[in-house]
Amino acid sequence: MSLSSMVAFEASSSPFLFSQNKHQGGRLMPSAGPRWTRMSPLRWIPPQAALAAEKVGVTGSDADRVGSLSQVSGVLGSQWGDEGKGKLVDILAKNFDIVARCQGGANAGHTIYNSEGKKFALHLIPSGILNEETMCVIGSGVVIHLPGFFKEIEGLESNGVSCGGRILVSDRAHLLFDFHQTVDGLREAELANSLIGTTKRGIGPCYSNKATRNGLRVCDLRHMDTFKDKLDVLLRDASMRFKGFDYDVFYLREEMERYKQLADKLEPFITDTVYFMNKSIEEKKKLLVEGGQATMLDIDFGTYPFVTSSSPSAGGICTGLGISPRSIGDLIGVVKAYTTRVGSGPFPTEILGKAGDTLRMAGMEFGTTTGRPRRCGWLDLVALKYCCQINGFSSLNLTKLDVLSGLPEIKLGVSYHKLGGERVESFPADLELLEEIQVNYEVLPGWESDISSVRNYNDLPQTARNYVERIEEVVGVPIHYIGVGPGRDALIVK
């Protein structure tokens, strides 16, 4: 769907910066230097291109991009989540032996499509599951809700996706219980107008128990003689903290019966994944790491406290899987051609009003996990460059470029400044500063044509290529993958 009905902003054909703040008006001012710089299309193509093309269904000379990815590679979000990581993981998975989740839980919502176009919404299971030869690993940094885990497996198998013997769960992963979800909602209610805007999937409370060292792990399911006492401590602690959580001996008894059954059911999946992952690396198997959420939601580097409770940036790969930093090679950052975020928190380039609503409908921006409408805005290159610096991305995957079709003009947020005009060099930690920040926009001409059927970069309209190349120029990272639709084949390898 295009954005032909969106409100256009006035600008001439010459380069401009558009300075705007949500709380104030905007103004046009001349930009310094060229509007964009053409990048050379010439590059060396290694001999494995044909093999890579056969494996992933990517045709043409650009298929070497996939085949030449390092032994241990990763796909991470570089905005506030919902960038389309699952689709790229699904496409790349055929070229890897293992796909692993390293952090987060069922708050992730990764939408993928099989070769027949059937839609799958995954929350815990890695997005490599549709590829029959791929082993899927849920690492020690993930928090796992077992009822949801098995429900997801049942949904996959009922749609013809075989999961038997293809999913490994870390014995060190923490268990997320139903009461964590209840507590999550109670905590949000306490915050009232200052709520975080969580998915209420219990992620934060579970990680909180992990940090206070009274959580239960998957390996505890093998010791039911002590499991009851440990669970009793957790439940009593929650009932004392939250008046809305009712706990008694009958509740504990029901949970114990439930988890005795779940323990037996999970046993075939339980693995020392630290050993498995490192052994696989020694055996030269190829590993692809799938991040949940994104860097701007990172507990350390995101817009705290409006963040998730784990580390979705590159550091989370090592801590969540137990593999060495020196084993990690290519990291691909996934970024939408515009910006979205769900829940509360700063959003410097947010588009308010009718234009934001139109962008939301055009991109179908509603959460996979919660169904909540996403806030929408222009692409923020200050935030993107910040994410690139933290993660050291070797390349980017620009998704949903097709959604911008039909716009006469498109804006890129290229820099920040304070109200007095002082330039802000990087994405700030201070929330008060973020609320007052003014964004300097470059206004680029758009394109009218539908690009959803384009599969070769040179076949994109010149203005679309200008947009892609200007992003590369500002953030200093090449864009190797461009999404032009939801399907598996709707990908340009550049």
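The buried residues of helix 7 pack against strand 10 (174-175), helix 5 (178-191), helix 6 (203-211) and helix 8 (249-266). Buried means under 20% relative accessible area, with a 1.4 Å probe and protein chains only. Helices (H or I, at least four residues) and strands (E, at least two) are DSSP runs, numbered from the N terminus. This is a predicted model: local features need pLDDT of at least 70, side-chain atom pairs count only at pLDDT 80 or more, and totals for chains, interfaces and linings use all residues. Residues are numbered from 1 along each chain as its sequence is written, and side-chain values use heavy atoms, leaving out hydrogens and water.

**Helix 7**
- Its buried residues are Phe 227, Leu 231, Asp 232, Leu 234, Leu 235 and Ala 238.

**Asn 391**
- Asn 391 lies in helix 12 (residues 381-391).
- Asn 391 counts as buried because its relative accessibility is 6%.
- Its side chain makes a polar contact of 2.9 Å with the side chain of Thr 295. A polar contact is a pair of N or O atoms within 3.5 Å; within protein, one must be able to donate a hydrogen and the other to accept it, and residues adjacent in sequence count only if both atoms are side-chain atoms.
- A polar atom of the Asn 391 side chain lies 2.8 Å from the backbone oxygen of Cys 387.

**Nonpolar cores**
- A nonpolar core is a set of buried Ala, Val, Leu, Ile, Met, Phe, Trp, Tyr and Cys residues joined through side-chain atoms within 4.5 Å.
- The largest has 76 residues, of which Leu 401, Tyr 467 and Ile 471 touch the most other members.
- Helix 12 gives the most to this core, seven residues.

Notes. Buried < 20%, exposed > 50% of the residue type's maximum accessible area, 1.4 Å probe, protein only. Contact = heavy atoms within 4.5 Å.
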